[in-house]
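Q: I would like to learn how to read features off a model. Please take them one at a time, with the general idea before the case.

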Amino acid sequence: MPEPDFDERSVAATGAGGVNEGAIAPTGTSGAMDLAISEGATLEKRAPGGPEGTGPTGRPRSLWGDAWRDLRRNPVFLISGAIILFLVVISLWPSLIASGNPLKCDLSKAQLGSRPGHPFGYDGQGCDVYTRTVYGARTSVTVGVCTTLGVALFGSVLGGLAGFFGGGWDALLSRITDIFFGIPVVLGGLVFLSVVTSTTVWPVIGFMILLGWPQIARIARGSVITAKQNDYVQAARALGASNSRMLLRHITPNAVAPVIVVATIALGTYISLEATLSYLGVGLKPPSVSWGIDISAASPYIRNAPHMLLWPAGALAVTVLAFIMLGDAVRDALDPKLR
């Protein structure tokens, strides 16, 4: 039997692994194999983010991972977050952009318009409107954040326990929330805060927590009732998990998203409520610096000196709008139905 002829060039092209690289044809079956190998190498060199819906390790992303990914791509979140970050910074360090004293006034300059070094002009007492507007952000952010944290914590605990245990505790909480829902917020503030003589923000914060927790409690109750019916909770119960473990490990992480959304949107509402109560004279009182106080003091002079009203009112509107936009962006990111 004749010996087969070997092509020396083919032997020379054979690599150390025994694979003849030059023998792979660019067409036909071998060409398809070559293309498959090239595609596999390309997939290995892709970015570490992985396919759609997976994290850097290739594992499926959680709800929070998906939400953060969507938020970073949402221009509404980026704009509102930048505004809120700026407000937080000037609330902590107002002297960065306002070197004056908000309580230092000169009656000889009352109601004057814009001047060099005083771009917003002066109010009815001769105080610098720009300085008071900057320092007023501290009050609004403090009231909004503290009230939101208090309402979210208090309402979530009560509502979550009522939804988890049910029975008489749930019925009692439902009737209590009905009573609080029947109290008009502004009227309740006029009655409750009219007897308070403190000039700090804490009576206002306490009042808003007192009337604000029922809304969060109902949201938390409904979320817990929905979450505890899921299969993973039933499985944990069947395996003997305690009530505290089911609440903390299985139910709370999956029921907290609606509470965060509602609390974020409500934060702007609390800021506007503080300004409303201060405008009516029952919220913060002088010498506290508040946008509501400045708007109330500027109202009689709206025709002669509109700058006294426009700047604090504009700052209040932008702040409330920023928090509402942030809440809408968070809602869109955390609601699976909107994906």
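Q: Is Ser174 buried or exposed?
A: Buried means under 20% relative accessible area, exposed means over 50%, and partly exposed lies in between (1.4 Å probe, protein chains only). Ser174 has 17% relative accessibility, so the residue counts as buried. This is a predicted model, in which local features need pLDDT of at least 70 and side-chain atom pairs count only at pLDDT 80 or more, while totals for chains, interfaces and linings use all residues. Residues are numbered from 1 along each chain as its sequence is written, and side-chain values use heavy atoms, with hydrogens and water left out.

Q: In which helix is Ser174 found, and which residues does Ser174 touch beyond four places in sequence?
A: Helices (H or I, at least four residues) and strands (E, at least two) are DSSP runs, numbered from the N terminus. A contact means heavy atoms within 4.5 Å. Ser174 sits in helix α6, residues 167-181. Leaving out residues up to four places away in sequence, Ser174 touches Arg218 and Arg221.

Q: With which residue does Arg218 form a salt bridge?
A: A salt bridge is a side-chain nitrogen of Lys or Arg within 4 Å of a carboxyl oxygen of Asp or Glu. Arg218 pairs with Asp178, and their closest N and O atoms are 2.2 Å apart. The two are 40 residues apart and link distant parts of the chain, with Arg218 in helix α8 (residues 202-227) and Asp178 in helix α6. Arg218 is partly exposed because its relative accessibility is 41%, and Asp178 is partly exposed at 34%. Arg175 joins Asp178 and Arg218 in a network of salt bridges.

Q: How many salt bridges does the structure hold, and which residue meets Arg331 at 3.8 Å?
A: The structure holds seven salt bridges. Asp328 meets Arg331 at 3.8 Å, N to O. Both residues belong to helix α12 (residues 307-334) and are three residues apart, about one turn of the helix. Arg331 also forms a salt bridge with Asp332, where the closest N and O atoms are 3.4 Å apart. Arg331 is partly exposed at 36% relative accessibility, as is Asp328 at 27%.

Q: How many aromatic pairs are there?
A: Rings of Phe, Tyr and Trp (its six-membered ring) pair if their centres lie within 6.5 Å; planes under 30 degrees apart count as stacked, over 60 as edge-to-face and the rest as tilted. The structure holds seven such pairs. Trp68 and Phe77 have ring centres 6.2 Å apart and planes at 90°, so this pair is edge-to-face. Phe192 and Phe207 are stacked, with 5.7 Å from centre to centre and 20° between the planes. Phe192 lies in helix α7 (residues 185-193) and Phe207 in helix α8, so the pair ties together parts 15 residues apart in sequence. Phe207 is buried, with a relative accessible area of 2%, whereas Phe192 is partly exposed at 38%.
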